[in-house]
Amino acid sequence: MDKSTCFHCGDDCDTIIQFNEKSFCCNGCKTVYEIFSENDLTCYYDLQSSPGAIPKEIQGKYDFLSQENIIEKLTEFNDGNTQIVTLYIPHIHCSSCIWILENGNKLNPGISTSQVNFGKKTVRVTYDTEKTSLKEIVILLSSIGYEPYISLDDFKTGKEHINRTLIYKLGIAGFAFGNVMFLSFPEYFEVGEFWLEQYKHLFRWLMFAFSLPVVFYAAQDYFVSAFKGLRAKLLNIDVPIALGISVLFIRSTIEIIFDLGSGFFDSLTGLVFFLLLGKFFQQKTYSFLSFERDYKSYFPIAITKISSEEGETPIQVYEIKKGDRLLIRNEELIPVDGILINGKARIDYSFVTGESENVSKNSGDKLFAGGKQTAGVIEMEALKSVEQSYLTQLWSNDVFSKNKEDGFTTLTNRISKRFTIAVLSISILATTFWLFVDASKAMNVFTAVLIIACPCAIALSAPFTFGNLLRIFGKQKFYVKNASVIEQLAAINTIIFDKTGTITSNKQSTATYEGETLSTSEGILLKNTLRGSNHPLSRTLYDILDENNIITLNHFEEHLGKGIEASHNNENIKIGSASFVGSSEASVLNTAVHISTNNIYKGKYTFYNSYRKGLSKLFNKLKKHYDLVILSGDNEGELENLKKILPSKTKLIFNQKPDDKLEYIKYHQTEGAKVLMIGDGLNDAGALAQSNVGIALSENVNVFSPACDAILDASKFNQLYKYIKVSKSAIQIIKWSFVLSFVYNVIGLYFAVTGQLAPVVAAILMPLSSISIVVFTTIATNILGRKLARN
Amino acid sequence: MSVIYILLTISIIVAIGFFAAFIYAVKSGQFDDSYTPSVRMLFEDELVKEKPKPTIKTKKTN
C-alpha cells in the first residue's frame, strides 16, 4: 500500500511516476512537488502527509483577471502599486495548507504578505502590482493545487462588513458585571459598619455609572425587540426581559438617590451578561459554509466573447447581450441561454437538474444557462441576457426575498406569552394585597415581583440547547444554519425528496441485462468495444462489466448519436440505440443500450439509478411518522423500480419543473403540512426556500449547494431520521429546563410577594438559575450527542 | 481612610485600561478568526529557515 499512494495528494496511483524516490499519481502532482522542492518548501509534506490536490488544467480560464474593471471589483484595496485581495480556496483543510499559502512570497516575490483564515477557507494576499498581478497569483495558486473559487458572487460593490457588535456588547456587560460585583460585595455582609456607611454612596454611584452602558448599549436589542413585538401585538420573550431590566434600573436608581438601599445593579448587569452570552453561544455558526447561495455563486465572472473585429476578448457576464458570440471552454459554465453554433457539446446539467448523465447537443440546438461543457471547446450565440435566462428567472420568485423565521413562533415565545400574563397578574394581586395590609410596602413588592420573574433562565434554555446541538450536528456532518431550523425540524410532518442526486447517488448507476446470454467470446468483444468509446453510457457499462482480456479489434467505428460497431476475427458487434442495432422494440423511458452480434439481436442493458445505501430502511422508519413524497424532475422511467424499494404509501410524482415543485409545497402548506424538503440541485432552490425546512444534500460540502436551511453530507443521508429524532429530544430538554426555571421563579416569587427580597437574594438567585440551566442543557445535549455519535 | 479614594481611582483606571485593550483587540479583528493563529504560531521555525532540513531529502514516501 505504501508504494501505491501518491506522495502529493494521497490518491491511489494507477501508473506510478517516480521522482526523487517518491511516487506520484500524475504529472500534475509531480510538478507541484518540483515547484516546492525548488523553492525549499518541502516542509509542506512534513506537517501533514500527502496534503495536496491535483492541479487542474486552467489554460485561458483566468484571462479575465487582467481586466481593470474586474480587478477593481475583486480587490479590497487598490492604490495602484499595492493591491489586497481575499480569495476563497475550498481545498484549505490542514495545517500544511496554511503554511504553504502563508509562504506565498517564496514562490512569487511580488507577494508581500498572505494570511489564511482557516475557518472561512480564505487567503488574503497583499502584492505589489509592479512585480506581479492578480492573474499571476491566481494561476500560481492553481498550479500548486490551490485553485481559488471565483464566482459572480464576488463581483459586487461594497466591502463585506463584519458585524462585531455582539462581542462589544458582551465585553461591556461582562466588564460592568465584574466591577459592579466587586463594588457591591461589602454591602452583602456588613450592613451598618462605620467605614462602609462613610463610603457606600461613592460605591453606589460608581455601580450606577457602570450600569449605564449596560442598560443603554448592551441591552438595547431587548428593548427594540420588545417594542417591535408589542407593536405587532405579540408578547415575545423580550417583553418580560425588557420590563425586568427597566424596573431593575429604575428601582435601583431611586433606591440610591433616596438612600433606601444598595439597589440591584449586580443582578442587572449579571442578567444582561448572561443573556448576551446565550445569544453569542447560539450565533456561532459555520463561517466556511454559505446558506444563502443563489445562481451567482455558480456562475463565472467573465466569459470569452468572439467578435470578428477584436478576436477573443474576455467580457463580464452581465455585459453579455443578445446575439453575442461566446466561446465556452472545457469545464466552463454556460452563463446564458443560447444556441450552439460550433463544436460538439456534451453538457452536464447536474447543477441545474441534479441529473448526472451528460446531454449531447449538436449545432443549432438550444443550450440553457447553468450547464457545464464537458467535451472540448464550443461556440454559442447568446439568446438572452443573464438575468432573463430560464434558470436565473427562478430567483425572481417571492420566496427568495421572504424571511422564513418571520412566520414562525418559537417555543420560547409561546411560553413567554402565558408567562408574562401570569407574572403581571401575580404582581398586581400582590400589590393590591399589600395596599390593604401595609401600603408602604406595595410599590416594593410590585417591582420585586417584576425583577425576580425576569425570565433570564427561560430565555437561556433555547439558545444553549440549540447552540450546543448545532455543534454536535456539525461534527456529524449535518450543518444547520441556525437554532430556529432545529426547532422547525422537530415540528415537520411531511418529507419531500428530490429524486436524482438526492435519493440516487450521483456517481454510480447499475444496469441489468435482458435477452439471450452472450457467449464468452461475445462478452470479451463487448467489453473491448466499449473500451474504445468515450460515450458516457459506454463508460458506465464498461465499469460495470467484469474484467476481460484485452484484444485488438480489427475494425472499430463510432456512429455519432447512434452507437458503435466493431469486429474481431469473424465476429461483428453492434452496440447502441434500438434502431441502430435493428431491434423493433418501441422506445421506452429507461435508458438502454442494445446489442447485436453478427446482425442477430441479442438483448439490452437497461440502466437504473443506483439508490443511496440504506434508502429503503430510512423510508420504512420514516413512514410511521411522516407523509413521504418523491418529487422528481425526471420522467417516469424509474416508477416501477421505486415502487419496489419504497413503502407503498410514498407518493411518487414525476415531470416536475422547478416552479411546479415550489407550487406543490406551497399548496400543501396551506393545508397544514409542515414540509421538510431534501434536494440537491439548483432546480430545487425554489422548493428548498418555500419549505419549512430545506436541507441540501451535498457530496462535497465546501463547494456546491443551493440556498437552504441546512446542508447534509451525502454520506450521512441514511442518518436523517436520527437527526429529526434528536431535534425532537432537544425540544423535550428545553421543556424540562423551563420546568427547572419555574422552580427558581416560584422560590424567588415567595421572597418577592412577602416583601423580603433583599439585593443579596436576587444576586444569588439570578446567576444560580442561569448557571444551572446552562449546566443542565449542556449535559443533556451532550448525552444526546453521544447517543447520536454511537450509532 | 481617604486612601480608599486613591485605591478606587487606581483600580478603575486599571480596569478601564483592560477594557480599552479589549475594544482595541476586537476592532483590529483579533476575534474574527479564532483558529488559524493557533496553528500559525507553531510554524515559526520553518518560516525563518533558509535551507530545507536534511531529513526531508532522505524522507521515505508514505
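Colleague: In which sense do strand E27 (residues 693-698) and strand E28 (residues 710-713) of chain A pair?

Modeller: They pair in the parallel sense, over 4 bridges. Within that pairing, A:Leu697 has A:Leu712 of E28(A) as its bridge partner. Strands (E, at least two residues) and helices (H or I, at least four) are DSSP runs, numbered from the N terminus. Two strands pair if DSSP finds at least two bridges between them.

Colleague: And the numbering, and where the model comes from?

Modeller: Residues are numbered from 1 along each chain as its sequence is written, while chains are lettered from A and ligands numbered from 1 in the order in which they are written. This is a predicted model, in which local features need pLDDT of at least 70 and side-chain atom pairs count only at pLDDT 80 or more, whereas totals for chains, interfaces and linings use all residues.

Colleague: Back to the sheet. In what order do the 7 strands come?

Modeller: The order is E16-E28-E27-E26-E17-E24-E25 in chain A, an open sheet with mixed pairing. At the edges are strand E16 (478-480) and strand E25 (651-653) of chain A; each has a single partner strand, so one side of each is left without a neighbour in the sheet. From one strand to the next the twist averages 20°. Angles run from 0 to 180 degrees between N-to-C directions, with axes as lines fitted to C-alpha atoms, for helices over the stretch in contact.

Colleague: Which helix packs on the sheet?

Modeller: Helix H24 (residues 658-670) of chain A does, touching strand E17 (494-498), strand E24 (627-631) and strand E26 (675-679) of chain A. The direction of H24(A) makes about 165° with that of E26(A). Contact here means that the C-beta atoms of two residues, placed from the backbone, lie within 7 Å.

Colleague: What does E17(A) pair with?

Modeller: E17(A) and E24(A) pair in the parallel sense over 5 bridges, and A:Ile496 stands opposite A:Val629. E17(A) also runs parallel to E26(A), joined by 4 bridges, with A:Ile495 opposite A:Leu676.

Colleague: New topic. Is strand E19 (residues 555-559) of chain A buried or in the open?

Modeller: The number buried among its 5 residues is 0, so E19(A) lies largely in the open. E19(A) pairs with strand E20 (residues 563-568) of chain A in the antiparallel sense over 5 bridges. A:Glu558 has A:Ile564 in E20(A) as its bridge partner.

Colleague: Where does A:Gly323 lie?

Modeller: A:Gly323 is in the loop between strand E8 (311-316) and strand E9 (325-328) of chain A. A:Gly323 is exposed, with 9 other C-beta atoms within 10 Å. Leaving out residues up to four places away in sequence, A:Gly323 touches A:Glu381 and A:Ala382.

Colleague: Now chain B. How many helices and strands?

Modeller: Chain B has 4 helices and 0 strands, in the pattern α-α-α-α along the sequence. Of its 62 residues, 0% count as buried.

Colleague: How many residues does the contact take from each chain?

Modeller: It takes 20 residues from chain B and 26 residues from chain A. On the side of chain B that touches chain A, helix H1 (3-27) and helix H2 (36-40) of chain B each supply at least two residues. H1(B) gives the most, with 5 residues.

Colleague: What is the mean pLDDT of chain B?

Modeller: The mean is 73, and 68% of the residues of chain B reach 70 or more. pLDDT is the predictor's confidence in each residue, from 0 to 100. Within chain B, confidence is highest in H1(B), at 89, and lowest in helix H4 (residues 54-58), at a mean of 44. Over residues 47-62 of chain B the pLDDT is below 50. Where pLDDT is low, the predicted coordinates should not be read in detail.

Colleague: What ipTM and pTM does the predictor give the complex?

Modeller: An ipTM of 0.74 and a pTM of 0.75.

Technical notes
A residue is buried if 20 or more other C-beta atoms lie within 10 Å of its own, exposed if 12 or fewer, and partly exposed in between; C-beta atoms are placed from the backbone.
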